[in-house]
Amino acid sequence: MRTRQTRTEGDGFLPQPGETTPLRDIDVVTALFESVIHLAKIARGNATMADYKHGSMNIDVQEKTFAGFIKASTYVAAASIGALIFIALVNG
């Protein structure tokens, strides 16, 4: 179960300082409502998204992961083709 830090002590649960309480449905609804309001402000031009400059992020880890994925896919494809050729020769 997800928990959150208590924002106020007078919210009906009377938690002790530092104690966590279960995430309530009202918290989820509030978060969604705040997101919709923020998106509406962006659409009207009253708020902006975080500044981002294309190409400024370090993507070395993503490039290594993608290279590993391509290498593994190549090995699996080669093994599959080899297995098909072997089956064709044995059943020939």
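**Confidence**

I started with pLDDT (the predictor's confidence in each residue, from 0 to 100): the protein has a mean of 77, and 64% of its residues reach 70 or more. This is a predicted model, in which local features need pLDDT of at least 70 and side-chain atom pairs count only at 80 or more, while totals for chains, interfaces and linings use all residues. Residues are numbered from 1 along each chain as its sequence is written, and side-chain values use heavy atoms, with hydrogens and water left out.

**Fold**

I found 2 helices and 2 strands, in the order β-β-α-α along the sequence. Both kinds are DSSP runs numbered from the N terminus: helices are H or I with at least four residues, strands E with at least two. Confidence is lowest in strand 1 (residues 3–5), with a mean of 56, and highest in helix 2, at 96. A note to myself: where pLDDT is low, the predicted coordinates should not be read in detail.

**Surface**

I looked up burial next: 5% of the 92 residues are buried (under 20% relative accessible area; exposed is over 50%, partly exposed in between; 1.4 Å probe, protein chains only). The accessible surface comes to about 8,300 Å², and 65% of that belongs to carbon and sulfur atoms.

**F86**

Where is F86 found? I located F86 in helix 2, residues 60–91. F86 counts as exposed because its relative accessibility is 57%.

How values were computed
Accessible areas come from the Shrake-Rupley method with a 1.4 Å probe; for residues, only the protein chains shown count as cover.
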